[in-house]
Amino acid sequence: MLIGELSKRSGFSRHAIRFYEKQGIFKLGRKNRQVNNYKDYPEEVLKKLLIIKKLKGFGFTLNESADLLAMIEENLASCKDVSQK
């Protein structure tokens, strides 16, 4: 999906999405570029943004959210491990 649709579906502005990408929250490879060089964001990015939105609602910072996302991706997000963060 293009950034406009991602913005609409996630509730984040295009600027915020680009910022999160620059911060390394998610990475896009060359395969995520269309012929016209537009970025094609996969559903996985939308899922991460929605998780970040929930975490922000709970008061987590972006750095804390990034740590928790990494733990989720590595299947290390047990209650004990998360509480130690």
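**Entry 1: aromatic rings**

I looked first for aromatic pairs in this predicted model, and I found that the structure holds 3 of them. I noted the rule: rings of Phe, Tyr and Trp (its six-membered ring) pair if their centres lie within 6.5 Å, and planes under 30 degrees apart count as stacked, over 60 as edge-to-face and the rest as tilted. The ring centres of Phe12 and Tyr20 are 5.3 Å apart and the planes stand at 85°, so I recorded this pair as edge-to-face. Phe12, Phe19 and Tyr20 form one aromatic cluster.

**Entry 2: conventions**

I number residues from 1 along each chain as its sequence is written, and side-chain values use heavy atoms, with hydrogens and water left out. For this predicted model, local features need pLDDT of at least 70 and side-chain atom pairs count only at pLDDT 80 or more, while totals for chains, interfaces and linings use all residues.

**Entry 3: the whole chain**

I counted the secondary structure as 5 helices and 0 strands, and the pattern along the sequence is α-α-α-α-α. Helices (H or I, at least four residues) and strands (E, at least two) are DSSP runs, numbered from the N terminus.

Of the 85 residues, 28% are buried. The accessible surface comes to about 6100 Å², and carbon and sulfur atoms hold 51% of that area. Such areas come from the Shrake-Rupley method with a 1.4 Å probe; for residues, only the protein chains shown count as cover.

I next looked up contacts, where contact means heavy atoms within 4.5 Å. Among contacts with a separation of 6 or more, 47% join residues 24 or more positions apart.

I read the confidence as well: pLDDT is the predictor's confidence in each residue, from 0 to 100. The average is 87, and 88% of the residues score at least 70. Among the elements, H1 has the highest mean pLDDT (97) and helix H5 (residues 79–84) the lowest (56).

**Entry 4: helix H3**

The 15 residues should span 21 Å, and the end C-alpha atoms are 21 Å apart, which agrees.

Which residues of H3 are buried? I listed Val45, Leu46, Lys48, Leu49, Ile52 and Leu55. Their cover includes helix H1 (3–10), helix H2 (14–22) and helix H4 (62–73). Just after H3, I noted Gly59 with a positive phi of about 100°.

**Entry 5: residues of helix H4**

I found Ser65 in helix H4. Ser65 is buried, with a relative accessible area of 0%. Leaving aside residues up to four places away in sequence, Ser65 touches Ile52, Leu55 and Phe60.

Leu68 is also placed in helix H4 and, at 9% relative accessibility, counts as buried. I read 9.1 Å between the C-alpha atoms of Leu68 and Leu55, which are 13 residues apart along the chain.

**Entry 6: the start of the chain**

Met1 lies in the segment before H1 and, at 14% relative accessibility, counts as buried. Beyond residues up to four places away in sequence, Met1 touches Leu6, Arg9, Lys39, Asp40, Tyr41, Pro42, Glu43 and Leu46.

**Entry 7: the loop between H2 and H3**

I turned to Arg30, which is in the loop between H2 and H3. At 79% relative accessibility, Arg30 counts as exposed. Arg30 and Asp40 are 10 residues apart in sequence and 9.8 Å apart in space, C-alpha to C-alpha.

Asn37 lies in the loop between H2 and H3 as well. I noted its phi near 75°, a positive value in a residue other than glycine. Most residues other than glycine have a negative phi.

Terms used
The expected span of a helix is 1.5 Å times one less than its number of residues. Buried means under 20% relative accessible area, exposed over 50%, partly exposed in between (1.4 Å probe, protein chains only).
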